[in-house]
Amino acid sequence: WSFIMTSVALSAFCQEVNYNDIQSGTITKGQFESYVSKDGSVYKVGDKIEFGNPSGTNGKFVTIQKMDLAATVYVVGAEVINTSAEIKKIRVIGTSRSGYKAQFQTKGMTGIDNYFLYLEDAIQVGEVKSFGMTSDEALTALKKAKDKLDLGLISQEEYDKIKAELTPFIK
């Protein structure tokens, strides 16, 4: 019974993984239902992510690959700029030598193509648009909330809640 209880506890525990756990080596492999990124954004299976612009030469994406039904891997080009894809799987993959990363498998617009990407790398180079805010966007929103507080339009508690949500994005 203890083995069954341990297995149940581990599978329940492993529903969400976060950037810090991967970087620290606490989590090194597995499949998960959600991922908390470096900027605090939460990505879940079923969410849609937005592709941005390619960062490579000749209009090619560096961090995103496409696999067709025949399992042929392709470099992704301009055809996916400003399109979206649904997150199908979130995995942590890698080795102790190369390091571990969160890999997303997504289903493209046509429903035929699968895209594979390392989320943090894709966000860093602008190939995927983060769910989070930029530092400037968060700072602007916080200043607006402060103005509303000063004008008596929101309470101190409301302001404190907004501040707590925005502070992780401000660098």
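Here are a few friendly notes on this predicted model, point by point.

1. Ground rules. Residue numbers start from 1 along each chain as its sequence is written. In this predicted model, local features need pLDDT of at least 70 and side-chain atom pairs count only at pLDDT 80 or more, while totals for chains, interfaces and linings use all residues; side-chain values use heavy atoms, leaving out hydrogens and water.

2. Confidence. The average pLDDT (the predictor's confidence in each residue, from 0 to 100) is 84 for the chain, and 90% of the residues score at least 70. Please read residues 1-13 with care: their pLDDT is below 50, and beyond near neighbours in sequence this stretch has 1 contact (heavy atoms within 4.5 Å) in the model.

3. Overall build. The chain has 5 helices and 11 strands, taken as DSSP runs numbered from the N terminus (helices H or I, at least four residues; strands E, at least two). Along the principal axes, the C-alpha atoms fill a box of roughly 60 × 55 × 30 Å. Of the contacts with a separation of 6 or more, 54% join residues 24 or more positions apart.

4. Burial. Of the 171 residues, 32% are buried, meaning under 20% relative accessible area (1.4 Å probe, protein chains only).

5. Pocket lining. The largest pocket is lined by 23 residues, with Lys38, Asp39, Glu120, Ile123 and Gln124 nearest its centre. A pocket here is an open set of points on a 1 Å grid over the protein atoms alone, where a 1.4 Å probe fits, with protein on both sides within 12 Å along at least five of seven lines; lining residues have an atom within 4 Å of a point. Helix α3 gives the largest share of the lining, 5 residues.

Note on methods
Buried means under 20% relative accessible area, exposed over 50%, partly exposed in between (1.4 Å probe, protein chains only).
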